[in-house]
Amino acid sequence: MRVHPGPAGRSVPAGGGESGTRCVRVLVVGPVTLDSEHRQEALAGCAVNVVDRLDGLDQVRVGGATPHVTLLDACTEDQPIDEAVASAAQRLPGTRVVVFAERVTTVLLLAGVVSGARGFVARSSGAAVLRQALRTVLAGALFVDPAAAHVVVQAALDRGVACGGQRLTLPQLRVLEGLAAGLKNAEIAARLGVSAETVKDHVGSLLRKTGCRNRTELALLATREGWT
Amino acid sequence: MTTVARQQRTRIVVVDDHAVVRAGLVDVLEGWRGFTVVASAGTAAEAMAAVARHRPDVAVVDLKLPDLSGTELCRRLREQEGGPRVLVYTGFSHRDHAVEAFRAGADGFVTKSGDLDLVRRAVLAVASGLAFVDPVLVAGLLDLATEGLRHNGPNGLSMQERRVLERVAQGRTNGQVAGDLGLSPETVRTHLRRAMRKLGATDRQQAALLALKDSPSPSPPAGDPLAPADPGQEGTT
């Protein structure tokens with residue numbers, strides 16, 4: 001199966017230039033993204049040229065042809081997903097970032113969209129979903145793994161993430177993500193590049209807004225609601 | 001129309017006020033393996049009766065019905081004990097229609113402008129308990145979801161990071177910037193580090209140039225810049 005212009009009718013950027021075949025340049029960032037056989041197959045079937053595989057965005061070389069699509073593994077970068085996406089966009093202007101993650105959670109989706117990611121694919125989804133993602137983002141549209149449709153619906157109904165009528169802000173969501181991952185305040189602070197005091201403030205707001213009594217309840221709530 | 005429950009098949013009631021659309025949809029659905037249409041209806045009243053009688057797995061519902069809005073029909077169907085999963089299939093393609101339908105309890109929303117395979121995937125998804133969103137609506141729905149989160153400027157910089165970079169561009173040292181903004185030098189360094197990461201810059205001067213070249217500098221934010229950020233407010237501290 002070959003990548004072709006999608007329903008939006010925008011053309012796939014011409015690339016490669018090898019024997020006139022249209023070829024999509026894909027950069028893969030992350031250790032696990034394409035390890036499984038079916039993904040390689042999916043990409044091969046797409047007339048895709050994986051131009052490079054990097055362990056992290058800091059390895060991106062300046063110069064050369066910008067990849068049309070960058071597949072960014074959410075677990076690769078030791079930073080919040082929105083920063084990783086923004087950083088990819090900055091280093092590779094014009095590339096369309098597709099985020100790969102264990103699960104497409106609310107926080108991942110919202111933070112990713114805000115920072116300009118164009119696609120979201122769960123690791124467990126098959127090759128067909130990846131193909132669909134590539135085709136969709138190349139056509140200029142936004143792609144969300146169908147397995148995460150309920151996340152899209154809930155976030156639209158809540159206008160983000162809401163709890164007891166109160167909306168959570170992006171910084172609060174990032175802190176919540178850290179909490180749910182079992183990190184201590186200092187660790188969250190280091191990851192987000194803010195002071196421990198700031199993290200503490202955010203935790204306070206989260207407790208107030210959600211009515212949770214402690215961090216453990218917050219973490220449980222976030223996981224149960226599929227926010228993180 | 002059959003009343004014999006065939007196991008393993010997804011049993012569907014089709015609700016649409018256009019006879020031709022209804023007939024076409026029934027044909028298409030019947031043509032796919034694993035689906036059977038147990039009844040079709042042209043009005044909400046007929047739909048309620050058909051659902052009560054046949055207890056389908058899925059109701060495929062148009063939003064425009066002569067006696068009741070499709071959204072209201074969704075609500076009534078979902079209120080019923082053991083009611084069907086509801087897939088809205090409509091000519092309306094604005095996100096507000098989708099939001100309204102989902103709020104009323106719809107499980108899926110597909111516009112009539114898409115190709116038929118979308119309908120098949122949507123019925124499969126809602127029948128198995130998943131949600132389904134027409135791909136053409138995803139961006140609109142996510143716009144709505146992220147409206148309140150988009151306070152950061154271009155490049156994903158926070159207001160505070162931008163303020164720091166503006167002063168760096170004016171040739172201020174980190175210590176002076178800290179004094180200007182009422183921050184500790186350590187916090188200023190943190191803002192710079194984050195901004196450089198976001199911008200892919202290698203030093204503070206380059207970060208300042210990159211940040212300010214893309215957009216005119218914003219008007220100073222309302223309120224006292226020295227005041228600590230309200231944790232209830234958007235903004236990265």
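1. Interface salt bridges. Between chain A and chain B, the count is 2 salt bridges. The term covers a side-chain nitrogen of Lys or Arg within 4 Å of a carboxyl oxygen of Asp or Glu. One contact of this kind pairs B:Arg197 with A:Glu83, at 2.7 Å from N to O. Over all chains, the structure holds 23 salt bridges.

2. Basis. This is a predicted model, in which local features need pLDDT of at least 70 and side-chain atom pairs count only at pLDDT 80 or more, while totals for chains, interfaces and linings use all residues. Residues are numbered from 1 along each chain as its sequence is written, chains are lettered from A and ligands numbered from 1 in the order in which they are written, and side-chain values use heavy atoms, with hydrogens and water left out.

3. Interface area. Chain A and chain B bury about 3,100 Å² between them. Carbon and sulfur atoms give 61% of that area. Buried area here is the accessible area (1.4 Å probe) that two parts lose on being put together, summed over both. On the chain A side, A:Gln90, A:Leu157 and A:Arg159 lose the most area to chain B. Together they account for 18% of what that side buries.

4. Interface residues. Chain A puts 39 residues into the contact, and chain B puts in 31 residues. Contact means heavy atoms within 4.5 Å. Across the interface, 6 residue pairs are in polar contact, both at pLDDT 80 or more. That rule asks for a pair of N or O atoms within 3.5 Å; within protein, one must be able to donate a hydrogen and the other to accept it, and residues adjacent in sequence count only if both atoms are side-chain atoms.

5. Helices on the chain A side. H2 (81-91), H3 (106-114), H5 (149-158), H6 (170-180), H7 (185-192) and H8 (196-210) of chain A each supply at least two residues of the side that touches chain B. H5(A) gives the most, with 7 residues. By class, this side of chain A has 19 nonpolar, 12 polar and 8 charged residues. Ala, Val, Leu, Ile, Met, Phe, Trp, Tyr, Cys and Pro count as nonpolar, Asp, Glu, Lys and Arg as charged, and the others, Gly among them, as polar. Helices (H or I, at least four residues) and strands (E, at least two) are DSSP runs, numbered from the N terminus.

6. Helix H2 of chain A. This helix is largely enclosed by the rest of the structure, because 8 of its 11 residues are buried. Buried means under 20% relative accessible area, exposed over 50%, partly exposed in between (1.4 Å probe, protein chains only). Among the buried residues of H2(A) are A:Asp82 and A:Glu83. The buried residues of H2(A) pack against E3, strand E4 (96-101), H3, H6 and H7 of chain A, together with H9 of chain B.

7. B:Glu161 and B:Lys198 form a salt bridge, at 2.8 Å from N to O. B:Glu161 sits in helix H7 (residues 159-169) of chain B and B:Lys198 in helix H9 (residues 185-199) of chain B, so the pair ties together parts 37 residues apart in sequence. B:Glu161 is buried at 1% relative accessibility. B:Lys198 is buried too, at 2%. Salt bridges that share partners join A:Asp82, A:Glu83, A:Arg174, B:Glu161, B:Arg194, B:Arg197 and B:Lys198 into one network.

8. Two further salt bridges. A:Asp73 pairs with A:Arg123, the closest N and O atoms being 2.9 Å apart. A:Asp73 lies in strand E3 (residues 69-73) of chain A and A:Arg123 in the loop between strand E5 (119-122) and helix H4 (127-138) of chain A, so the pair ties together parts 50 residues apart in sequence. Both A:Asp73 and A:Arg123 are buried. In chain B, B:Arg78 pairs with B:Asp107, with closest N and O atoms 3.4 Å apart. B:Arg78 is partly exposed at 31% relative accessible area, whereas B:Asp107 is buried at 8%.

9. Chain B overall. Chain B has 10 helices and 6 strands. Of its 237 residues, 46% are buried. Among contacts between residues at least 6 apart in sequence, 64% join residues at least 24 apart.

10. B:Val61. This residue lies in strand E3 (residues 58-61) of chain B. B:Val61 is buried, at 0% relative accessibility.
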